[in-house]
Amino acid sequence: MITAGIDVGAKTIKVVLLDGDKILAKAQVLAGFETEQSVEEAYKEALGKAGIERSAVVKVGATGAGRKAVAFAQTVVTEVSADARGAVFLHPSARTVIDVGAEEGRGIKTNAAGKVVDFAVNEKCAAGAGAFTESMARALEVTLAQFGEISLKSDKTIPMNAQCTVFAESEVVSLIHSNISKEDIARAVHDAIASRISAMVRRVGLEQDVVLMGGVAYNIGFLESIKRTMGIENVVVLEDPEYVGALGAAVVAGADGN
Amino acid sequence: MATVTKYPTEPLKCWNKAKELRLKYYKDYAECKQRGGIRWSGGAWAMDAIPAGLGDDVYTLTSEPYAASVAFDPKLNAECQSAADAKGWSRDLCYYMRTYWGSMYVNKYAFGGEFPKPDFVYQTQICCSHHKWYQHVSEYKKVPYFTIDVSVGAYKDLDEGKIQYVVNQMQESIPWMEKVTGRKFDDEKLIAAVNSECRTTSLWAEVCTLNKAIPAPLEEKTMYALYVLATLSKHSKEFGDFYEELRDEVKDRIARGIAAVSNERCRLITDTQPPWSYLSMYRYMEKYGAVSVGSLYTFALEGVFADQPDGSWGPRPTPEQLGIKIRTREEALRIYADWNLCKPEWQHFYDPQIKTDIMLRMVKEFKLNGVILHLNRGCEGLSKGIMENRLGLVKAGVPVMTYEGNMGDEKEMDYPRTLSRIDSFMESLGLGKLEN
């Protein structure tokens with residue numbers, strides 16, 4: 001049975017087509033202002049990549065902050081549930097899921113069936129999420145990829161006190177004017193985000209295996225910081241980490257008896 | 001998705017009466033001066049049976065429920081917050097305090113007309129804001145002020161010295177009130193008011209205890225309109241009579257199997273004051289068949305509980321029920337101090353574990369499926385230790401959801417995200433929506 005999972009995130013829309021245990025195709029587009037149109041665009045792209053017709057898809061599951069925009073979904077599931085299901089699908093021994101997307105960071109404790117045991121989500125402030133890293137990279141005038149890489153060259157711990165993206169940006173500007181190197185500032189930013197995320201993870205209880213998903217999982221600087229902050233060596237970055245939520249929605253749609 | 005109706009439901013018959021009593025209270029306070037009455041102001045935990053000894057025409061305005069009323073008026077609420085900001089008061093101060101002050105600054109009463117000036121202020125101190133709140137009111141409005149320090153420690157550790165400390169302050173306040181009002185204090189009225197308050201707060205605890213029934217005869221959104229009477233005037237005989245009527249109606253609902261929420265299939269409690277502007281979140285939970293049957297806040301802000309003979313949690317027997325006849329001022333004040341100091345909602349100020357234990361007891365006795373904790377930025381006092389409570393509940397295997405908000409300041413609440421969090425919590429409890 002072919003199922004589709006559509007994750008309507010704050011920045012991008014991701015689609016995964018799943019046939020049993022086999023991923024047929026993935027597609028991603030920017031969410032933009034016309035969400036329904038973007039959903040359609042991403043869905044068509046995924047169908048095209050898989051070489052199948054729309055009618056071949058038996059069930060569609062939607063997730064993400066804009067999940068209500070997927071009018072044709074039969075199953076709607078929250079990001080927290082979708083993340084847990086997707087993570088366990090890809091990595092069956094996952095018990096702690098860290099998802100850092102554009103606007104939200106989450107710590108999720110799951111069981112072997114991918115059912116959520118407990119979860120914590122950042123509040124309305126996006127300081128522990130991807131939008132924050134983008135903002136800080138802009139302040140340092142480097143690309144996102146560079147931002148992660150250069151932070152690995154630093155071995156200094158510079159505490160960042162600000163909890164708010166806006167204040168943190170001005171704190172970064174102050175560090176620049178104090179002639180602190182970009183490498184040290186980049187590490188300080190990653191440590192600050194990791195500190196917020198690991199606090200959420202500790203709240204739900206850290207249990208191995210710990211897996212990382214969401215767009216920020218690509219950021220090598222954040223990965224090192226989160227390992228350091230949580231005091232663990234092994235954090236598994238899931239394959240195509242930004243698609244895990246969509247994958248989870250497809251899995252839930254397939255399992256949904258409705 | 002189809003709606004699954006499981007239990008019969010019907011509106012509460014005494015609902016309108018509760019609304020009428022509340023409005024009459026605020027109107028009486030505003031108009032009593034025209035009839036030669038006395039006005040005083042203080043918190044919802046003030047020892048209101050004591051000023052009752054000044055006469056039957058003494059009216060109070062309790063500030064927390066008053067500020068909650070302001071929260072329902074977005075325009076006045078914004079005006080009050082701006083006025084408090086303009087005076088330089090920090091946004092992280094108690095929302096109720098800022099709002100009461102704001103209403104005083106802009107000289108607007110939420111129930112019409114100018115902000116009524118109290119003749120005196122009579123307050124208790126247990127929360128970090130309480131004393132300073134009214135010190136400012138006293139200075140700003142130039143009215144006399146008396147505070148009773150009741151922060152003597154947890155009730156389980158109460159001893160003679162602590163109770164006498166509170167009683168001595170109460171004793172001292174009586175000649176002070178006589179002096180500032182020019183009235184003679186009547187001990188018989190005090191004794192009657194103490195007995196009445198014990199009756200009212202015990203009756204409310206009894207009503208709450210009845211919500212152990214499945215299906216719950218009441219849900220928390222409705223209870224907010226009922227518990228409030230005890231926060232306005234605990235010693236009021238009229239309110240006590242209302243609670244008796246309510247108790248009988250709730251018993252009747254249980255006997256007939258009448259549910260507050262027809263599709264009840266999941267029972268929850270919340271904690272601290274809710275975000276008053278967003279009470280629709282309770283209706284949202286009902287789409288999943290989830291009903292909040294109350295909270296330590298709704299039950300025990302004023303309700304007075306005790307262990308029952310069968311070991312369960314229920315209403316504390318009143319002195320009259322125990323056959324105790326109060327004869328003197330000293331006896332009345334000692335009983336009154338003890339009665340208030342055992343209030344469950346006061347205990348967490350000394351140790352969060354006490355609150356965790358009460359909540360775990362509620363989980364067991366009310367047969368709950370989970371707990372929703374409001375990390376209330378508007379109330380330091382009731383949010384104190386709340387994450388410790390969360391840890392304790394989670395450790396005991398109770399599913400817990402938290403959300404950040406503010407009981408009155410809408411700017412502090414992200415409502416769509418809170419609903420999304422409820423969706424996640426419900427899914428984690430294995431519940432899907434029964435209706436959209």
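This is a predicted model: local features need pLDDT of at least 70, side-chain atom pairs count only at pLDDT 80 or more; totals for chains, interfaces and linings use all residues.
View 1. The C-alpha centres of domain 1 and domain 2 of chain A lie 26 Å apart. The domain assignment gives residues 1–90 + 242–258 to domain 1 and residues 92–237 to domain 2. Where they touch, domain 1 of chain A supplies 15 residues and domain 2 of chain A supplies 23 residues.

**View 2. The largest pocket.** Its volume is about 1,000 Å³. The lining of the largest pocket counts 43 residues. Nearest the centre are A:Gly9, A:Ala10, A:Gly101, A:Ala102 and A:Glu103. By class, 13 lining residues are nonpolar, 13 are polar and 17 are charged. Domain 1 and domain 2 of chain A both give residues to the lining, so the largest pocket lies between them.

**View 3. Helices and a strand around the largest pocket.** Five elements each supply at least two residues of the lining: strand E2 (12–19), helix H2 (79–90), helix H3 (130–140) and helix H4 (144–151) of chain A, together with helix H17 (415–428) of chain B. Which of them gives the most? H17(B) does, with five residues.

**View 4. The largest nonpolar core.** This core has 158 residues. B:Ile50, B:Tyr96, B:Tyr122, B:Leu246 and B:Trp276 have the most contacts inside it. Helix H7 (residues 187–209) of chain B brings the largest share, 10 residues. Domain 1 and domain 2 of chain A both give residues to this core too, so it lies between them. Apart from this core lies another, of 36 residues, with A:Met136, A:Ala186, A:Leu212 and A:Phe222 among them.

**View 5. The surroundings of B:Tyr96.** Leave aside the neighbours within four places in sequence. B:Tyr96 is then in contact with B:Glu64, B:Ala67, B:Ala68, B:Trp133, B:Gln273, B:Trp276, B:Tyr297 and B:Met407.

**View 6. Two cis peptide bonds.** In chain A, the bond from A:Gln208 to A:Asp209 is cis, with omega near 0 degrees. A:Asp209 sits in the loop between helix H6 (182–204) and strand E9 (210–213) of chain A. In chain B, a cis bond joins B:Ile214 and B:Pro215, with omega about 0 degrees. The loop between H7 and helix H8 (220–232) of chain B holds B:Pro215.

**View 7. Two asparagines with positive phi.** Phi of A:Asn179 is near 60 degrees. A:Asn179 lies in the loop between helix H5 (165–177) and H6 of chain A. Is A:Asn179 buried or exposed? It counts as exposed because its relative accessibility is 71%, and the cut-off for exposed is over 50%. Phi of B:Asn107 is near 55 degrees. The loop between helix H4 (95–106) and strand E3 (120–125) of chain B contains B:Asn107. With a relative accessible area of 29%, B:Asn107 is partly exposed.

Terms used:
Residues are numbered from 1 along each chain as its sequence is written. Chains are lettered from A and ligands numbered from 1 in the order in which they are written. Side-chain values use heavy atoms; hydrogens and water are left out. On a 1 Å grid over the protein atoms alone, a cavity is a set of points where a 1.4 Å probe fits but cannot get out, and a pocket is an open set with protein on both sides within 12 Å along at least five of seven lines; lining residues have an atom within 4 Å of a point. Grid points are joined across faces, edges and corners, and a volume is the space filled by probe spheres set on the points. Helices (H or I, at least four residues) and strands (E, at least two) are DSSP runs, numbered from the N terminus. Ala, Val, Leu, Ile, Met, Phe, Trp, Tyr, Cys and Pro count as nonpolar, Asp, Glu, Lys and Arg as charged, and the others, Gly among them, as polar. Domain bounds come from an automatic or database domain assignment. A nonpolar core is a set of buried Ala, Val, Leu, Ile, Met, Phe, Trp, Tyr and Cys residues joined through side-chain atoms within 4.5 Å. Buried means under 20% relative accessible area, exposed over 50%, partly exposed in between (1.4 Å probe, protein chains only). Contact means heavy atoms within 4.5 Å.
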